[in-house]
Amino acid sequence: QVQLVESGGGLVQAGGSLRLSCAASGRTSSTYAMGWFRQAPGKEREFVAGSIWSGGSTNYADSVKGRFTISRDNANNTWYLEMNSLKPEDTAIYYCAAKSIYGTGRYDYWGQGTQVTVSS
């Protein structure tokens, strides 16, 4: 099992920045990819950014390209989402998730989420 705990959310003005963290514990060696998702009120959960450890490939939703950056601190098993030039439409609960080599190829583990609110 892998446990994920997000932090770093909060209230920020449009144009501002936040850095979300995702602390992983448990069998983190079984994970090979991670992602960030978000869900705004009344909307479906959507993919924001993802990374595969091997090869270091990353991808981003078009809506956040050039503004958000995903990174990883291997030593501390912590993943980050750096968010710059925030817009009111970025307001959502943000979740981190991980894929396991023992899983189905989908995201097997999820955090509890952290609220990000961007005021105009």
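Which residues do ring pairs link into a cluster? Select F37, F47, Y107 and W110. Rings of Phe, Tyr and Trp (its six-membered ring) pair if their centres lie within 6.5 Å; planes under 30 degrees apart count as stacked, over 60 as edge-to-face and the rest as tilted.

A quick note before zooming in: this is a predicted model, where local features need pLDDT of at least 70, side-chain atom pairs count only at pLDDT 80 or more, and totals for chains, interfaces and linings use all residues. Residues are numbered from 1 along each chain as its sequence is written, and side-chain values use heavy atoms, leaving out hydrogens and water.

Now centre on F37 and Y107: this aromatic pair is edge-to-face, 5.0 Å centre to centre with 85 degrees between the planes. F37 is buried, at 10% relative accessible area, while W110 is partly exposed at 29% (buried means under 20%, exposed over 50%, partly exposed in between; 1.4 Å probe, protein chains only).

Last stop, C22 and C96: they form a disulfide (cysteine sulfur atoms within 2.5 Å), with the sulfurs 2.0 Å apart. The S-S torsion is about 65 degrees, so this disulfide is right-handed. Both C22 and C96 are buried.
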